[in-house]
Amino acid sequence: MCENCGCSISIRDEPAAERGHGPTPGPAQQGSHGHVHEPGPAHFHAHGSERLPVESISVLANILAANDQVAAHNREHFDAHGVLAVNLMSSPGAGKTSLLERTIDAMKEDLRVAVIEGDLATENDARRIRAKGVPAIQITTGSACHLDAHMVHAALHDLELEGIDLLFIENVGNLVCPASFDLGQHVDVVLLSVPEGDDKPQKYPVMFRAADLMLLSKTDLLGALPEFDPVRAEGSLRALANGAPVMHVSSRNGSGIDAWCRWLIEQRDAYRHRVDRAMAHEVVR
Amino acid sequence: MNADEGPLPRETPREPNGIQDIAQAHLVDAQAATPETPIHLIIEKYLDRSPRFPELHRIEDDEALGLLDQRGEREADRTAVEHLKALIQGRKPREAPCGVHAGALIGQQHVADSEDEDTGHGNAIGEGPHGGLTVPRADRNVSRYYSERPARGASGSLPPMHELSVCQALIDEIARVARSQDAERVTSVVVRVGPLAGIDPALLESAYALARVGTVAADAELVLEESGVRIRCPECGTQAEVECNQLECPSCHHWRTQVIAGDELVLASVALVRREEPMIHV
């Protein structure tokens, strides 16, 4: 039963434990269950020779409500294990997997990492990650241009979250589609590689508007590509009313990796703090 | 294994055009069976076709079993073929541990078996220090979770646009409203989409033409209400309509504004015809 309105809609993948839809929907999700709250006025609509009564029903349902419910469910899985989930997005070839390889090397001692890899085809990326001694699940989407919450949920069945601190979800390389689908992540990180040009946030506002961190990657190429202006790149992010930090990294020469890892550890500590406080709150109640 | 023998997917209906084009792509797909891409992998893909797209080819169970019988001789494929046959014969949705139905291919890739053995990566699965994959080796070629309905974004060889996934979700919502209203059919739907929803209205329309086929919304017109982006400035209180990539306040140029409209993707209303009450003759 939905606690918000008493309907009997439940997500399909509810475990045996009693659970509503997950966290109370935020304002953006309110009225998202597709109920019919108020029928509109009936009118008649000529169709062929008959006159059939056509009624207009007001719905106001978030079309991606089903995805968002599974995403909330994924987030509960993560929170139950205290796993910070990071959704890593960029265009293809911006260096997501190389960054992960570097990151795993740098953080192995501090945090236990796992990776979900999304690609249209091949298990190449998961192999690269497993070679670093870290569990990696490959999702091959066939031809889908993004990961969605259902795919990530299915992948979670093959991943032991116990003992993991940090889960990277490397989304399908694409600056458009992944932005529309909540996966249950806590943090969105978007890479912008130097060869792509500094105006990408202006060209793909939906993706960059959602970023909690923008990583300028391949900064070792800045000398060779003077037309890329990091200040302009940051300005085009700010024009999207996004105050997210901007960091420079190079997976090739390792510069900026330390700062990025520190940011991750800070995010993870802050997240653990939030989870602990929420749990203490539950106990008190 | 010869790609040219055995029944191939039968002809698809001649209309409409968009679907026909996609169906053609599927036929080419089936003919592409080679020792590297054995027939069972192709059949697996066809089995899970969407009931929403009846025009797209969906192989019949009998036909699939016949093909698998012919092609089962190859030693390397035997386990996978047997498993697939068992699945078809049972035809029960394979449930994931907590009951999810998803269509994504998880933790495995359709690599030719020979290559698989060369690299030995299959054997390495499960050996990660934190447990790694738990998919048993023999299951790897058939680890698709069979779904009653297509999982979003995992719809086989449909064109790579997320508008189609969104449309499938839209059709689900419409069907839910139609059921709750005991509707016979839906005549039109109104969808409100903002520039920051990340949805291209033109693509949404063409995806909708595909997604509605065979559903209660088969004849329903899609009416798109495109809104603009509106922001509110916390500094000076201005509310204004702005460009989707220039969200700063037009009055005071403060950049930390709040978007108050323009990121919505909402099914606003559904026009439908209710089922007729049965006539009572006295």
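Biologist: What makes A:Trp260 count as buried in this predicted model?
Modeller: Its relative accessibility is 0%. Buried means under 20%, so A:Trp260 counts as buried.

Biologist: Why is A:Trp263 called buried?
Modeller: A:Trp263 has 7% relative accessibility. That value also falls under the 20% cut-off, so the residue counts as buried.

Biologist: How many aromatic pairs are there over all chains?
Modeller: The count comes to two. In one of them, the ring centres of A:Phe168 and A:Trp260 lie 6.3 Å apart.

Biologist: Why is the pair of A:Phe168 and A:Trp260 called tilted?
Modeller: The planes meet at 35 degrees. Stacked needs under 30 degrees and edge-to-face over 60, so this pair is tilted.

Biologist: What makes this a link between distant parts of the chain?
Modeller: A:Phe168 sits in strand 6 (residues 166-170) of chain A, and A:Trp260 in helix 8 (residues 257-284) of chain A. The two residues are 92 residues apart. Both are buried.

Biologist: Why is the pair of A:Trp260 and A:Trp263 called stacked?
Modeller: Their planes are 15 degrees apart, which is under 30, so the pair is stacked. The centres are 6.2 Å apart, within the 6.5 Å limit.

Biologist: How do you know that A:Trp260 and A:Trp263 are separated by about one helical turn?
Modeller: They are three residues apart in helix 8 of chain A. An α-helix has 3.6 residues a turn. A:Phe168, A:Trp260 and A:Trp263 form one aromatic cluster.

Terms used
Residues are numbered from 1 along each chain as its sequence is written. Chains are lettered from A and ligands numbered from 1 in the order in which they are written. This is a predicted model: local features need pLDDT of at least 70, side-chain atom pairs count only at pLDDT 80 or more; totals for chains, interfaces and linings use all residues. Side-chain values use heavy atoms; hydrogens and water are left out. Rings of Phe, Tyr and Trp (its six-membered ring) pair if their centres lie within 6.5 Å; planes under 30 degrees apart count as stacked, over 60 as edge-to-face and the rest as tilted. Helices (H or I, at least four residues) and strands (E, at least two) are DSSP runs, numbered from the N terminus. Buried means under 20% relative accessible area, exposed over 50%, partly exposed in between (1.4 Å probe, protein chains only).
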